[in-house]
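Here are my notes on this one, point by point. Have the structure open while you read.

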Amino acid sequence: MNKRILALFLSLIVPPLSHAAEKEWLLEESTLSYHVSHPLHQIDGVSHAARGKGVCDAGQCDFLIAVPVKTFDSGDSNRDLHMLQATRGAQFPLVTVRTKLTETAFASTAIHVDLEIQFAGQTAQYKQVAFQLTGQKDKMRISGIVPATVSDFKIDPPSLLSIAIKNEIPVRVDMTWRPQ
Amino acid sequence: MAKFSPLGFAVDTQSADEESLYPGAVLLAQVQGNPPNATKPPATNPSEPTLGDLGFPTAQTQGSAQDQARLDRRSHMLKIHQRLGLITTIPLAATLITSSLAASRSSTATGRDVHATLGTITAGMYLTTAYYAIFAPKIAGTPTRGPIRLHKALAFIHGPGMILTPILGAMAFDQKNAGEKVHGIASAHGAVAAVTGIAYGLAILSVSVHF
């Protein structure tokens with residue numbers, strides 16, 4: 001009888017405990033901006049619409065961040081629509097970023113992470129991208145620049161007056177995460 | 001490795017290693033319209049976040065080949081609009097330069113013919129240029145913002161100007177060939193042409209130079 005009670009007790013207690021080992025992070029706010037260079041223009045397209053989630057288990061954290069392509073605003077609706085077309089944003093509406101971190105990395109102020117980015121129907125890997133970490137009260141701020149290029153995603157570089165934009169389109173990332 | 005897709009574009013297939021690292025990518029690929037790969041192994045880390053966890057509305061995650069085709073057509077037409085608009089500046093400039101051959105005291109019938117011919121070519125090219133902007137597919141729910149507003153506003157000046165200028169020019173041409181001094185509304189031909197030319201030049205600058 002005592003064994004049965006113990007088994008029942010364990011079955012009720014153990015799953016919640018194992019679940020408690022997982023820790024989740026939610027993206028609270030973000031600013032993502034891409035920079036485009038052209039001899040006649042320097043353009044920044046900004047989005048605050050990213051959503052993200054991180055799940056930590058056994059000291060290992062998996063993060064997923066996604067942002068709709070059409071939410072990037074460069075201040076010119078015509079240019080934004082052209083960007084949407086050039087990046088095949090109607091067919092592939094989201095940019096997604098996946099990365100893994102060890103929980104010990106959160107104690108650092110500078111980290112290097114590998115990123116897998118899906119954009120425009122293509123997948124690109126970026127190794128050892130530098131980010132700065134700022135721990136705040138119950139929050140974690142991450143900022144850095146992803147050295148993206150147009151050719152990484154097989155995008156035909158848009159042109160103005162027959163002059164194409166530069167291949168480099170660095171993406172500045174500024175995100176605030178909070179544990180759930 | 002690029003793989004042919006039935007939608008007519010190349011997609012990168014991921015290696016099995018990458019797939020095990022990023023199992024959520026399978027879901028994403030399916031959501032975004034890539035063909036699912038039946039040989040892909042099942043996810044190895046069930047706790048890894050997926051796109052579904054982020055709570056995006058379905059409309060924001062599902063790709064549409066139809067919408068993409070509409071955007072492609074729009075961009076294609078606007079590229080032609082841009083190219084023809086730039087080419088049109090050549091006969092437009094030539095027409096303005098040859099106006100002295102048609103309007104000065106020493107003007108000749110040949111000079112007027114040259115000016116009229118160039119003006120006709122300019123008007124024809126202008127209308128063709130305008131066609132590609134007017135009939136480019138509109139994208140619903142996209143308010144016009146930025147320098148394109150000035151570009152569109154200037155069309156309300158150079159558009160009527162490009163219609164009025166040849167009409168007034170034809171009237172002036174007839175009067176001059178009849179040995180008369182250009183008079184009446186035809187005498188506004190030069191002024192209307194100048195305003196039209198300036199508005200046209202500003203329209204080009206408004207979308208090509210950062211103010």
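1. Cys56(A) and Cys61(A) are linked, with their sulfur atoms 2.0 Å apart; a disulfide here is a pair of cysteine sulfur atoms within 2.5 Å. The link of Cys56(A) and Cys61(A) is right-handed, with 105° about the S-S bond. A search of the whole structure turns up one disulfide over all chains.

2. Some ground rules before going on. This is a predicted model, where local features need pLDDT of at least 70 and side-chain atom pairs count only at pLDDT 80 or more, while totals for chains, interfaces and linings use all residues. Residues are numbered from 1 along each chain as its sequence is written, chains are lettered from A and ligands numbered from 1 in the order in which they are written, and side-chain values use heavy atoms, leaving out hydrogens and water.

3. How much area do chain A and chain B bury between them? About 4,300 Å², 55% of it on carbon and sulfur atoms (buried area being the accessible area, 1.4 Å probe, that two parts lose on being put together, summed over both). Arg51(A), Gln91(A) and Arg98(A) supply 15% of what chain A buries against chain B, more than any other three residues. In residue terms, the contact takes 45 from chain A and 53 from chain B, with contact meaning heavy atoms within 4.5 Å.

4. Now the polar side of the interface. There are 17 residue pairs in polar contact between chain A and chain B, both residues at pLDDT 80 or more (a polar contact is a pair of N or O atoms within 3.5 Å; within protein, one must be able to donate a hydrogen and the other to accept it, and residues adjacent in sequence count only if both atoms are side-chain atoms). On chain A, the elements that each supply at least two residues of the side touching chain B include strand E3 (51–57), helix H2 (77–86) and strand E7 (122–136); helices (H or I, at least four residues) and strands (E, at least two) are DSSP runs, numbered from the N terminus.

5. The rule is a side-chain nitrogen of Lys or Arg within 4 Å of a carboxyl oxygen of Asp or Glu. Have a look at Arg145(B), which pairs with Asp73(A) at 2.8 Å between the closest N and O atoms. That pair runs from the loop between E4 and H2 of chain A to the loop between helix H6 (109–134) and helix H7 (148–177) of chain B. Asp73(A) is partly exposed at 34%, as is Arg145(B) at 32%. Arg145(B) also forms a salt bridge with Asp80(A), at 3.7 Å.

6. Lys53(A) is buried, at 12% relative accessibility, and forms a salt bridge with Glu24(A), the closest N and O atoms being 3.6 Å apart. Glu24(A) lies in strand E1 (residues 23–38) and Lys53(A) in strand E3, so the pair ties together parts of chain A that are 29 residues apart in sequence. Glu24(A) is partly exposed, at 21%.

Note on methods: Buried means under 20% relative accessible area, exposed over 50%, partly exposed in between (1.4 Å probe, protein chains only).
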